[in-house]
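Student: Could you walk me through this one slowly, please?
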Amino acid sequence: VFAAADILSMLMCATRSVYSWDIIIVHQGGKIYLDKRAGASIDLVTVNENAYDAPLEVSEASGKQEQINTPSALAMEATFINHNFALQTVTESDQAKVTFTHPNPFYNEAEETEPLASKGYKYRRFDIGLERDEEPIQIIVRTEVDAVMKNPTGGADQQLVVKALNEFDSKAPGSGNALDWRSKLVSQRGAVLATEMKNNSSKLARWTTQAILAKADAMKLGFVSRANPRSAAGHVVLGVAGYKPKEFAAQMNLNLSNGWGIVRTVVDRIRSLDADEPEEAVKKYVLIKDPNRNVLRLYSVPASTFDDDEEAEAEEKDEENEEDEE
């Protein structure tokens with residue numbers, strides 16, 4: 001089985017998710033690949049997904065203030081914050097840079113004009129087999145680390161996963177009774193984090209799972225708030241806290257064994273459905289989280305499904321390149 005940590009963590013934390021998402025599963029030659037569609041919702045960082053008064057979609061006729069606090073607008077804002085925060089908090093210099101053994105296989109220094117962003121990929125193998133299996137079942141996971149921190153005691157460098165929680169407006173609908181970070185973050189950080197664990201259980205569980213899969217030494221969580229609650233354009237970093245992934249998982253009652261059980265159940269289901277198929281046959285499925293119920297639905301789709309989308313995207317990029325050349 002092959003998967004990236006962001007896809008695998010969504011499946012492992014499926015019981016905590018409220019919003020709908022989908023994963024593409026391809027089975028061929030005795031190998032199972034977990035994939036995602038381009039621009040899938042799985043890439044977005046949700047905000048207050050688990051709050052009892054979660055943000056609601058509003059009509060375009062509503063005021064501008066309400067429109068920036070819809071689930072889709074907040075998710076886009078949180079995704080940009082996370083992307084930028086991880087890059088802005090690292091020291092990018094040749095002296096501080098840590099280079100992994102193998103170069104990035106998707107980066108061509110001769111053709112690319114921009115340098116690579118700071119991120120490291122680690123490929124790890126896990127055994128998800130059981131005693132009753134005739135042959136072992138292994139999963140290869142592409143995990144990510146965002147930064148390396150020098151060990152103050154002189155030991156090995158610590159690998160970090162860097163993420164950011166964001167506050168939009170503690171008084172707005174959908175805030176989930178969140179405390180005002182500016183006045184409470186220093187004096188009541190534990191209470192602020194406890195509220196975030198409740199309102200963003202799914203998001204924090206995924207991040208923690210990704211950190212554990214990557215065998216990261218620590219998670220750095222930034223607390224980022226809007227400079228002005230009425231505008232999603234500017235933000236300030238109010239503080240950063242560090243946690244050990246396994247200890248953080250214990251605080252959240254996050255049990256990775258349950259997550260691996262979900263993965264194994266899906267793998268067994270795919271293998272049983274294709275038991276009578278020739279090994280070279282390509283079988284494709286879509287696993288969808290029901291938007292209204294805590295249920296996963298598995299659909300078999302033609303092997304060419306979603307290929308048209310990729311071809312259309314490739315054509316659009318070619319057209320853009322041609323225009324740039326002109």
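Student: Where is the place of glutamate 77?

Tutor: Glutamate 77 sits in helix H3, where helices (H or I, at least four residues) and strands (E, at least two) are DSSP runs, numbered from the N terminus. Keep in mind that this is a predicted model, in which local features need pLDDT of at least 70 and side-chain atom pairs count only at pLDDT 80 or more, while totals for chains, interfaces and linings use all residues. Residues are numbered from 1 along each chain as its sequence is written, and side-chain values use heavy atoms, with hydrogens and water left out.

Student: Is glutamate 77 buried or exposed?

Tutor: Glutamate 77 is buried, with a relative accessible area of 6%; buried means under 20% relative accessible area, exposed over 50%, and partly exposed in between (1.4 Å probe, protein chains only).

Student: And what does the side chain of glutamate 77 make a polar contact with?

Tutor: Its partner is the side chain of arginine 226, at 2.8 Å. A polar contact is a pair of N or O atoms within 3.5 Å; within protein, one must be able to donate a hydrogen and the other to accept it, and residues adjacent in sequence count only if both atoms are side-chain atoms.

Student: New topic: what order do the strands of the open sheet have?

Tutor: The four strands run in the order E6-E7-E8-E9, with mixed pairing, and two strands pair if DSSP finds at least two bridges between them.

Student: Which strands stand at the edges?

Tutor: Strand E6 (147-149) and strand E9 (235-243) do, each with a single partner strand, so one side of each is left without a neighbour in the sheet.
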